[in-house]
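Work through the following exercises with the sequence and the structure at hand. Each task is followed by a solution in steps.

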Amino acid sequence: MPSTSTEAMLTMKAVAADPNSYVAQWKQRTQRKALGVLPMNFPAELAHAAGLLPVLIQEDTEPITAGRNLLSEFNCGYTRNLADQAALGRLAVYDGYFHADHCIQLLGAVDVVREYETDKPVFFGQFMSSMSDDWTFRQVLEKLNDFRKELEIFSGATVSDDAVGKSIDIFDENRQLMRSIFDRRRSGDAALTPDQLQVLVKSSMVMDKQEHTALLREVIAAHGPVPRDDRIRVHLSGHFCHAPAPELLRLIEDSGAIVVDDDLFHGTRYVSTDVGPTDDPMSALASAYLRRNSAVPCPTRVQHDADWDRYLVNSVVTSGAQGVIVLMAKFCEPHMLFYPELRKALEAKSIPLLLIETEHEGLPMESIRTRVEALVERIRRKQLTTV
C-alpha cells in the first residue's frame, strides 16, 4: 500500500534525523556500497551511475567530545563534528569518502577521517574556484573524468555515458520537484514551514533519489496553496555546508517572521541547477558546475559576472522579502570575509538585516528570539512610516 503524505513526510524526517540507519538498511537491502560525500560540489550523479549510494554526510546532534582534541576550536562546528563522528566510529557505515571542495577546515576534517578510517579510500578532486577563465571548463572536465575513474575503481563497475545520462535524468527530476516547492513559497504559498523544507532537502541528500522522488511527489500532491499571512517576509542567507538547527528555523517563524526565500545549502542552493539533457553527459556535468555558481553565487568561487551580494538584493526584490536574516556558522572563513560586502549591498538598498552566528552546541535561543522580534518590529515600524 502506498504511503500517505503524512507517512511520506515522517519517512523523510526519520532519514534526516538518522541518516546512518537509512544507509545501513539500504546497504543490507541492495548489497551495494555507500559513499560518504562532503559538501558542496561533488558530482553525485557519477557515483549513482556506478551503482553506489552517494550520501552527503550530515552534521549530527551528538555533543563534540573527541573532535575538540583533533581540530582547533576555531574550526567550524560542522568540521569538528565530522572529526568527532570519524574518531568515535559513527561513520563506519560508509565504504569510502569523496569530496570536491577545498575549504581549509574541511580538509582538516578529511585528514581525521583518513586517520580513523584507514581501511577505506579517501579521494579529493579539487574543482577550479576561478570560474571565468578560458581554461576553467576544460580543467573541470578533466577533474570529472578523474572522479569517474576513481569511482570505477571503488565500485568495480564501468561508468558508461549511458549510465551517467540516466543518473542525470533521475537527479534532475528530483531537483525540479524540489524547486517547484521553493518557487511556490516564493510566490506566496506557505504550505510548508522552513524546518519541513529542510527535512525534504536533507533527506534528498541521503536517500536513493528515486525513492525520495516518490515520497516527494506524495508530499507535493497533499499540500495545496496556503495564503500568506501578515507576518514579516524574510530571506534566509548563508550556511554553505550544513543545516541550521530546526529549532532555530522554528524560532524565526514563531517570532513574527515568515521565510519566503533562501540561499542556504540545505535549501535553494542545493537544488538550484539542473544538468539537463545532453549527448555528452560529462560535458553537461562540467557546464552545470559553472552554471550553478551563476544561479546562486558562492563566496568560495570567483566569477566576474556573478556576485552573491547582487544576487541577494535581486532575490529580495523578486520574493518581496522585507528583510534578510544571515545565518553564519561560527568561524566560517568564506562567509566571514564576504559578509561586509553583503551588508553594504543591503544597506545601500535600505534592506533590514540581522546577522545570527550559529554553533554546533549552545545556541542562545532566547537571545536570538529577542533579536528576531526586534528585527520584525523595526520592519513593521518602517512600514508605518512609509505608508
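**Exercise 1. Partners of one residue**

Find the bridge partner of Val 234 in S7, and the residue opposite Val 234 in S6.

Solution. The model used here is a predicted one.
Step 1. On the S7 side, Val 234 has Gly 323 as its bridge partner.
Step 2. In S6, the residue opposite Val 234 is Val 259.
Step 3. Now count the bridges. S5, residues 232-238, pairs with S6 in the parallel sense over 5 bridges. S5 and S7 also run parallel, joined by 5 bridges.

**Exercise 2. The sheet that contains S5**

State the strand order of the open sheet to which S5 belongs, and explain why one side of S6 and of S8 is left without a neighbour.

Solution. 
Step 1. The sheet is open, has 4 strands in the order S6-S5-S7-S8, and is paired in parallel.
Step 2. S6 (257-262) and S8 (353-358) are the edge strands; each has a single partner strand, so one side of each lacks a neighbour in the sheet.
Step 3. From one strand to the next, the twist averages 30°.

**Exercise 3. Helices on this sheet**

Is S5 mostly covered or mostly uncovered, and which strands does H11 lie across?

Solution. 
Step 1. Of the 7 residues of S5, 6 are buried, and the strand is mostly covered.
Step 2. Follow the chain from S5 through H11 to S6: this β-α-β crossover is right-handed.
Step 3. H11, residues 246-254, lies across S5, S6, S7 (323-329) and S8, and runs at about 125° to S6.
Step 4. H14, residues 308-319, packs on the sheet as well, where it touches S5, S6 and S7. The directions of H14 and S5 make an angle of about 155°.

**Exercise 4. Two packed helices**

Solution. 
Step 1. Two quantities are needed: the angle between the axes and the distance between them.
Step 2. H9 contributes Pro 194, Asp 195 and Gln 198 to the contact, and H11 contributes Pro 246, Leu 249, Arg 250 and Glu 253.
Step 3. Sorted by class, the contact of H9 with H11 has 3 nonpolar, 1 polar and 3 charged residues.

**Exercise 5. A second sheet**

Give the order of the sheet that contains S1, and name the residue opposite Val 37 in S2.

Solution. 
Step 1. The order is S2-S1-S3-S4; these 4 strands form an open sheet with parallel pairing.
Step 2. The edges are S2 (53-56) and S4 (122-124), each with a single partner strand, so one side of each has no neighbour in the sheet.
Step 3. Neighbouring strands of this sheet are turned by 25° against each other on average, direction ignored.
Step 4. S1, residues 34-38, pairs with S2 in the parallel sense over 4 bridges, and Val 37 stands opposite Leu 56.
Step 5. H7, residues 136-155, lies across S1, S3 (96-99) and S4, at about 175° to S3.

**Exercise 6. One aspartate**

Is Asp 84 buried or exposed, and which residues does Asp 84 touch beyond four places away in sequence?

Solution. 
Step 1. Asp 84 is located in H5, residues 77-87.
Step 2. Its relative accessibility is 0%; buried means under 20%, so Asp 84 counts as buried.
Step 3. Leaving out residues up to four places away in sequence, Asp 84 touches Pro 63, Ile 64, Thr 65, Ala 66, Gly 67 and Arg 90.
Step 4. For Gly 67, the backbone nitrogen lies 2.8 Å from a polar atom of the Asp 84 side chain.

Terms used:
Residues are numbered from 1 along each chain as its sequence is written. This is a predicted model: local features need pLDDT of at least 70, side-chain atom pairs count only at pLDDT 80 or more; totals for chains, interfaces and linings use all residues. Side-chain values use heavy atoms; hydrogens and water are left out. Helices (H or I, at least four residues) and strands (E, at least two) are DSSP runs, numbered from the N terminus. Buried means under 20% relative accessible area, exposed over 50%, partly exposed in between (1.4 Å probe, protein chains only). A polar contact is a pair of N or O atoms within 3.5 Å; within protein, one must be able to donate a hydrogen and the other to accept it, and residues adjacent in sequence count only if both atoms are side-chain atoms. Contact means heavy atoms within 4.5 Å. Two strands pair if DSSP finds at least two bridges between them. Axes are lines fitted to C-alpha atoms, for helices over the stretch in contact, and angles run from 0 to 180 degrees between N-to-C directions. A crossover is right-handed if, with the strands pointing away from the viewer, the path from the first strand over the helix to the second runs clockwise. Ala, Val, Leu, Ile, Met, Phe, Trp, Tyr, Cys and Pro count as nonpolar, Asp, Glu, Lys and Arg as charged, and the others, Gly among them, as polar.
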